[in-house]
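Please keep the structure in view while reading.

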Amino acid sequence: MNNFPKLHNATWPGLVGKGPDSEPVIPFDTLLSMTAAAEVKGVKFDGIDVGLLEPHFDLNNPDEAKKLADKVSKYGLNVGSLVAPIWAGSAMGTADQRKTFVEMVRKSCEFGQKLKDLGVRHYGVVRIDSAAGVTDWAKDPVGNTKQIAETFREACDVAAGFGEKLAAEGEICWGAMHSWKHMVALLEMVDRPNMGFQADMSHTFLYTMGYNAPENRILPADADLKDRETIKAALKTVTDALRPWTIDFHVAQNDGSVFGSGSHDKTGRHCQATDPNGLLDIAHDAGYWLRDENGQLTKAFQHICWDGCMFPNAVMENQQTWNDILAAMVKVRDAHGWKG
């Protein structure tokens, strides 16, 4: 059996789209226990990816990393990639906002280093985005992209001091990252060896449809979304462009629509793994990211993570949900994994 890439669950779905304007935040311990309890034919999750977000985490608490290490060790799990709380600032904001953005990256990298020292983190990246809306970005696309790239370079320099790589997750809701072409242009402009792309199967599928950037759409407006050959051709275009940059990967499902809840702007809808309306063949389409243009494994990252943001709490608090997710992840690894 393939034992790489390692299989991780995400903890931020209990936070993203939750809060005062939506459903209550799901406690971190609940997410952790359900992750640990999931099992499919003897296979379990290897670890979790963690959003370093309040109320789950306080990066100003010097004991926070030790608390997390103790919790995951109790369940026999590891920590992989971390999500930096960069929304406290903005890569395209005022000088103070940009300074805060970089400081949040520094705190996240420092937290990640502590987890490495504690023996619970052996791989993974720190995830960022521009923390800037598309509408504001569009007021000065050239100037704003340059400013975002400059902030990202500063953040990369900070991350390099901790031996960390930063991965920008392409979503249609983030300025300068809202289409596949804008995303490639930004990565090229940043031009740092520790800057890469985090591909999410749900968000990147929206790239093919041109949401928020119709000039960059690949699928025609009248495309038959039930035609798998049409979808596969569109996915190949996106993945050929962004795969060389990809250093972190989220397995997900999407039905071709957008969704947002709480304070989170609309982005690619994360469907359940078994959703009959899902347009992706999860195991097959993950291969566009995990294999190169010749069909060879890239082995560009040691773990993959499920992302299922903004599911209703009733769905996320059902253990079967996580068993179904794990089953989908196992199929991806069976098809595109390796032994190590």
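**Spaces and packing in a predicted model**

By class, the residues that line the second largest cavity are two nonpolar, three polar and one charged. Rolling a probe the size of a water molecule over the atoms shows where empty space is left.

**Cavities**

- When the whole structure is searched, two cavities of 30 Å³ or more are found.
- The second largest cavity holds about 40 Å³ of space, and its lining is made up of Gln272, Ala273, Thr274, Thr321, Asp324 and Ile325.
- The largest cavity holds about 60 Å³, and the residues that line this largest cavity are Met201, Thr204, Leu235, Val238, Leu280, Asp285, Tyr288 and Trp289.
- Sorted by class, the lining of the largest cavity consists of six nonpolar residues, one polar residue and one charged residue.
- At least two lining residues of the largest cavity come from each of helix 7 (201-209), helix 8 (228-242) and helix 9 (282-290), and helix 9 gives the most, with three residues.

**Pockets**

- The largest pocket contains about 800 Å³ of space, and among the 40 residues that line this pocket, Leu15, Val16, Leu53, Glu54 and Trp87 lie nearest its centre.
- The lining of the largest pocket divides by class into 19 nonpolar, 11 polar and 10 charged residues.
- The second largest pocket contains about 220 Å³ of space and is lined by 14 residues, of which Tyr123, Gly124, Val125, Lys165 and Ile247 lie nearest its centre.
- In the lining of the second largest pocket, five residues are nonpolar, five are polar and four are charged.

**A pair of packed helices**

- Two packed helices are described by the angle between their axes and the distance between the axes.
- Helix 5 (residues 141-160) packs with helix 6 (residues 180-190) at an angle of about 50°, and their axes are 9 Å apart; the two helices are therefore oblique to each other.
- The crossing in which helix 5 passes helix 6 is right-handed.
- On the side of helix 5, the contact is made by Thr145, Lys146, Ile148, Ala149, Phe152, Arg153 and Cys156, which meet Leu186, Met189 and Val190 of helix 6.
- The residues of this contact between helix 5 and helix 6 comprise seven nonpolar, one polar and two charged.

Key: Residues numbered from 1 in each chain as written. Predicted model: local features only at pLDDT ≥ 70, side-chain atom pairs only at ≥ 80, totals over all residues. Heavy atoms only, no water. 1 Å grid on protein atoms, 1.4 Å probe; cavity = no way out; pocket = protein on both sides within 12 Å on 5 of 7 lines; lining within 4 Å. Points joined across faces, edges and corners; volume = space filled by probe spheres on them. Nonpolar A, V, L, I, M, F, W, Y, C, P; charged D, E, K, R; others polar. Axes fitted to C-alpha atoms, helices over the stretch in contact; angles between N-to-C directions. Helix = DSSP H or I, 4+ residues; strand = E, 2+ residues; numbered from the N terminus. Parallel < 35°, antiparallel > 145°, perpendicular 65-115°, else oblique. Left-handed = near helix turned anticlockwise from the far one by under 90°. Contact = heavy atoms within 4.5 Å.
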